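Q: Could you take a close look at the main nonpolar core of this one and walk me through what builds up around it?

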Amino acid sequence: MEERNYRLQAVILHNRDYKENDKLVSFFSSERGKETALAKGARKPNSSLRSLVQPFCEVEIDFAKGRGSLDIITQGQLSNAYLNLHNDLDKIAYATYIMELTDLALPEKKAVPAVFYLLLATLTMIDLSDELFLAARFFELRLLAVLGVAPILNCCSGCRRSIAESTFYLSPYRGGLLCASCSAEQPRVSAGTVRMMQYLATADLKKILNLKINNQMGHEMEQALEVYLNYYLEKVSQAKRFINQLEKG
Ligand SMILES: [Zn+2]
């Protein structure tokens, strides 16, 4: 028999207003993946749930089984509020993007513990460092790997040509790189950018924080991954659009 009450460690993905005083809260836990629950009264100014259900907070939440499909958040406590993050527009934009990618990439109630720990690592990176661009690329590449759709980056997926011998298109259809002889599609990535992506996909997080990416490499990587992710998510991220506008501004 399923328990009536239970507790989860979770990251809040987003919330939205529901009825007069309530909020519907989307969160991600290691044990149960992405889910939505009801926080009754959370829109009232004096509600203790109000601060608990803010996006990008890491929380320990107690739930009660609801009568319908929605369980009810009864109480909880903040494990990590990522305080720097809430006071900085750029950090908020990047954290919102990470939450949105998680939401788009995973179905409800699919437990993928690796995504939970990836979320915590990336939120910490956004909170404590100014390497927001790196944090986003790190998350994108590792999320693709966890989902089993990591691009193959060691050679051309068409003719096996080495990455040193061409520029490449990162093809979502092929799940990897295509050299100039195999595809003329844009955007292109250089060998240096491919190596940087290999590194971001595999290296230790501490080493990644010390990386310096030049503007051209960064731009190539960002564009290539955007095409790749849009294909897999079958949707364009709204938060990414906003970041693109921030960068232009
Ligand atoms: Zn080729």
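A: Quick ground rule before we dig in: two residues count as in contact if their C-beta atoms, placed from the backbone, lie within 7 Å. Also keep in mind that this is a predicted model.

Skipping its neighbours within four places in sequence, Phe28 is in contact with Ala10, Val11, Leu13, Gly33, Lys34, Thr102, Val115, Phe116 and Leu119. Phe28 also belongs to the largest nonpolar core, which has 63 residues; it is one of the members touching the most others, along with Tyr94, Ala95, Ile98, Ala135, Phe168 and Leu177. The top contributor to this core is helix H3 (residues 132-146), which puts in eight residues. Domain 1 (5-81) and domain 2 (84-248) each provide at least three residues to the core.

Now for H3 and its partner. Helix H2 (residues 113-128) packs with H3 at about 175 degrees, the axes being 9 Å apart, so the two run roughly antiparallel. On the H2 side the contact uses Ala114, Val115, Leu118, Thr122, Met125 and Ile126, while H3 brings Leu132, Ala135, Phe138, Phe139, Arg142, Leu143 and Val146. Sorted by class, that contact has 11 nonpolar residues, one polar and one charged.

Back to the domains. Their C-alpha centres lie 29 Å apart, and 15 residues of domain 1 are in contact with 18 of domain 2. On the domain 1 side, strands S1 (5-18), S2 (22-29) and S3 (33-39) each supply at least two of the touching residues. That side has five nonpolar, five polar and five charged residues.

Notes: Residues are numbered from 1 along each chain as its sequence is written. This is a predicted model: local features need pLDDT of at least 70, side-chain atom pairs count only at pLDDT 80 or more; totals for chains, interfaces and linings use all residues. A nonpolar core is a set of buried Ala, Val, Leu, Ile, Met, Phe, Trp, Tyr and Cys residues joined through C-beta atoms within 7 Å. A residue is buried if 20 or more other C-beta atoms lie within 10 Å of its own, exposed if 12 or fewer, and partly exposed in between; C-beta atoms are placed from the backbone. Helices (H or I, at least four residues) and strands (E, at least two) are DSSP runs, numbered from the N terminus. Domain bounds come from an automatic or database domain assignment. Axes are lines fitted to C-alpha atoms, for helices over the stretch in contact, and angles run from 0 to 180 degrees between N-to-C directions. Angles under 35 degrees count as roughly parallel, over 145 as roughly antiparallel, 65 to 115 as roughly perpendicular and the rest as oblique. Ala, Val, Leu, Ile, Met, Phe, Trp, Tyr, Cys and Pro count as nonpolar, Asp, Glu, Lys and Arg as charged, and the others, Gly among them, as polar.
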